[in-house]
Amino acid sequence: MDTNQSLKRNLAIMWFANFFVSGSMTMVIPFISLYIESMGNFSDSYVQTWSGLTFAVTFIAAFIFSPIWGRFGDKYGRKKILIISAFGIGISVFLMGFATTVWQLFLLRLFMGIVTGFIPMSQAFISTQTPKNVAGKVLGTLQTGSITGSLMGPMLGGALADAFGYTNSFKWVAITIFISGLLVTFGVKEVKLKLSTDIDDYKSYTSKEVLQHILHKPVLLVVMLLSALVQIAHFSVQPILSLFVEDIHGSVNIAFFAGMAFSAAGLGNLLMARKWGKLGDSVGYIKILIALLFFAGIVYMPGAFVTNIWQLVILRFLLGVSIGGIVPLRIAYIRQEAPLSMQGEMLGYNTSLRFLGNIIGPALGGLIAAIWGFSSVFFVTSILLILSGIIMFITWYKCEYAPKHSHSFSSR
């Protein structure tokens with residue numbers, strides 16, 4: 001099998017594996033609070049507090065451990081880490097079906113966060129087998145797998161819970177994650193491709209050297225920090241979206257219409273992720289990234305003024321269209337700027353910053369909504385995205401565009 005066929009095969013298998021893992025991990029989201037409620041005669045405040053804690057602890061653990069798994073992958077092979085992660089997540093979800101106390105569920109969610117490195121490791125795995133000139137398109141294609149899984153996961157999870165009960169749902173979810181582990185174990189081949197003649201791509205780096213590499217490249221540093229800023233902006237509206245839908249539409253079929261508002265962004269993301277990545281390959285990743293940050297900020301602003309559900313759905317779809325390109329473009333730029341042998345650890349830091357955004361965003365959005373109302377969340381989010389675009393543009397212009405063009409001008 002030649003290298004091109006090997007990449008296509010690995011990409012196809014990792015697409016399905018990402019689909020299963022992302023879908024499985026989001027399947028349980030709709031009924032975690034209900035599962036806690038079923039464990040005893042608890043007050044509403046107790047259930048709400050522990051639902052938040054058990055949900056957040058996975059992200060906190062993943063924030064800490066993602067760079068560690070990335071470094072292990074660079075050193076010992078990314079396929080091994082993918083297998084450990086898939087079966088680790090599967091075991092934790094399977095055991096959740098046997099939890100009888102909130103503490104047991106909390107500790108299992110903590111363990112799931114520790115081993116949650118599958119998606120970023122799959123990105124590093126495919127990235128290091130992909131030529132730089134097509135990295136955006138390939139990574140955009142891979143991202144559609146996790147997006148599709150995330151879109152279908154909550155819907156299927158709710159259906160499973162209604163049909164089989166909470167306990168059995170965890171077991172069914174675990175089976176799909178085990179399937180992902182088996183797909184990687186027997187279907188994926190980790191190929192050591194000679195994609196570069198630069199010796200820096202294949203030597204070993206310490207964590208200090210990886211961090212120094214990031215800090216000495218201002219554009220790369222900003223791209224990494226954007227991982228947190230974009231997630232803060234994107235997730236700030238999550239805790240209040242259902243309440244906002246109820247406010248503008250009423251309580252009739254609220255779950256259905258809130259789900260539609262959530263899914264509209266995912267659909268836009270799914271349709272455009274690969275296309276934005278491909279455009280970045282030809283035009284330049286940072287140029288498209290800057291445009292998308294401004295586009296996302298502009299699209300978010302009118303959300304404060306919507307008066308019916310369909311206006312909100314259209315804006316959420318347009319938001320998904322813009323957000324859809326930001327993840328693959330960032331990863332493709334990291335692929336371009338980082339030596340191959342440090343990309344797992346670097347993508348681990350990138351993932352940690354994303355998880356940090358996932359933690360801060362909902363808390364910030366809920367706090368802003370409580371103090372200034374729903375509309376204020378859209379204003380703050382819009383400003384944050386536009387500010388991110390301005391920071392990215394200034395850094396790129398000063399550190400990449402201006403030096404390159406002043407040099408070409410002076411050489412004439």
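Predicted model: local features only at pLDDT ≥ 70, side-chain atom pairs only at ≥ 80, totals over all residues.
# Briefing: helix packing and nonpolar cores

Leu271 is located in helix 12, which covers residues 254-283. With a relative accessibility of 44%, Leu271 is classed as partly exposed. The largest nonpolar core comprises 65 residues, and helix 13 (residues 285-300) contributes the most to this core, with 10 residues.

- Leu271 and Gly389 are separated by 118 residues in sequence and by 22 Å in space, C-alpha to C-alpha.
- Gly266 also belongs to helix 12; its relative accessible area is 13%, under the 20% cut-off, so Gly266 is buried.
- Beyond residues up to four places away in sequence, Gly266 touches Ile147 and Leu151.
- Gly266 and Leu151 lie 115 residues apart in sequence, yet their C-alpha atoms are 6.2 Å apart.
- Leu151 sits in helix 7 (residues 135-164) and, at 23% relative accessibility, counts as partly exposed.
- The contacts of Leu151, with residues up to four places away in sequence set aside, are Ser263, Gly266, Leu267 and Leu270.
- Leu151 and Glu37 are 114 residues apart in sequence, with 25 Å between their C-alpha atoms.

**Nonpolar cores**

- Within the largest nonpolar core, the residues with the most contacts are Ile286, Leu289, Leu312, Met346 and Met392.
- A separate core of 42 residues lies apart from it and includes Leu7, Val21, Ile81 and Val173.
- In soluble globular proteins, nonpolar side chains tend to be buried together.
- Leu289 touches Val223, Leu226, Ile326, Leu329, Arg330 and Met392, when residues up to four places away in sequence are not counted.

**Helix 13 and its partners**

- Helix 13 has 16 residues and spans 22 Å from its first C-alpha to its last, close to the 22 Å expected at 1.5 Å a residue.
- Its buried residues are Tyr285, Ile286, Ile288, Leu289, Ile290, Leu292, Leu293, Ala296, Gly297, Val299 and Tyr300.
- The axis of helix 10 (residues 218-236) comes within 13 Å of the axis of helix 13, and the two cross at roughly 20°. This angle is under 35 degrees, so helix 10 is roughly parallel to helix 13.
- Helix 10 passes helix 13 in a left-handed crossing.
- On the helix 10 side, Val219, Val223, Leu226, Val230, Ala233 and His234 meet Ile286, Leu289, Leu293 and Tyr300 of helix 13.
- Helix 13 packs against helix 14 (residues 309-323) at an angle of about 165°, and their axes are 9 Å apart. Because this angle is over 145 degrees, the two helices are roughly antiparallel to each other.
- The crossing of helix 13 past helix 14 is left-handed.
- Leu292, Phe295, Ala296, Val299 and Tyr300 in helix 13 make contact with Leu315, Arg316, Leu318, Leu319, Val321, Ser322 and Ile323 in helix 14.

**Helix 15**

- Helix 15, residues 326-337, consists of 12 residues and reaches 17 Å between its first and last C-alpha atoms, close to the 16 Å expected at 1.5 Å a residue.
- This helix is mostly covered, with 11 of its 12 residues buried.
- The buried residues are Ile326, Val327, Pro328, Leu329, Arg330, Ile331, Ala332, Tyr333, Ile334, Arg335 and Glu337. Among them, Ile326, Leu329 and Arg330 are touched by Leu289.

**Helix 3 and helix 16**

- The axes of helix 3 (residues 44-76) and helix 16 (residues 343-372) come within 7 Å and cross at roughly 175°. The two helices are therefore roughly antiparallel to each other.
- Helix 3 contributes Phe59, Ile60, Ala62, Phe63, Ser66, Pro67, Gly70, Arg71 and Asp74 to the contact, and helix 16 contributes Gln343, Gly344, Glu345, Gly348, Tyr349, Thr351, Ser352, Phe355, Leu356, Asn358 and Ile359.

**Lys189 in a loop**

- Lys189 occupies the loop between helix 8 (166-187) and helix 9 (207-215).
- Its relative accessible area is 59%, over the 50% cut-off, so Lys189 is exposed.
- Apart from neighbours within four places in sequence, Lys189 is in contact with Asn10, Phe125 and Gln129.
- Lys189 and Ile386 are 197 residues apart in sequence and 42 Å apart in space, C-alpha to C-alpha.

Methods: Residues numbered from 1 in each chain as written. Heavy atoms only, no water. Helix = DSSP H or I, 4+ residues; strand = E, 2+ residues; numbered from the N terminus. Expected span 1.5 Å × (residues − 1). Buried < 20%, exposed > 50% of the residue type's maximum accessible area, 1.4 Å probe, protein only. Core = buried A, V, L, I, M, F, W, Y, C linked by side-chain atoms within 4.5 Å. Contact = heavy atoms within 4.5 Å. Axes fitted to C-alpha atoms, helices over the stretch in contact; angles between N-to-C directions. Parallel < 35°, antiparallel > 145°, perpendicular 65-115°, else oblique. Left-handed = near helix turned anticlockwise from the far one by under 90°.
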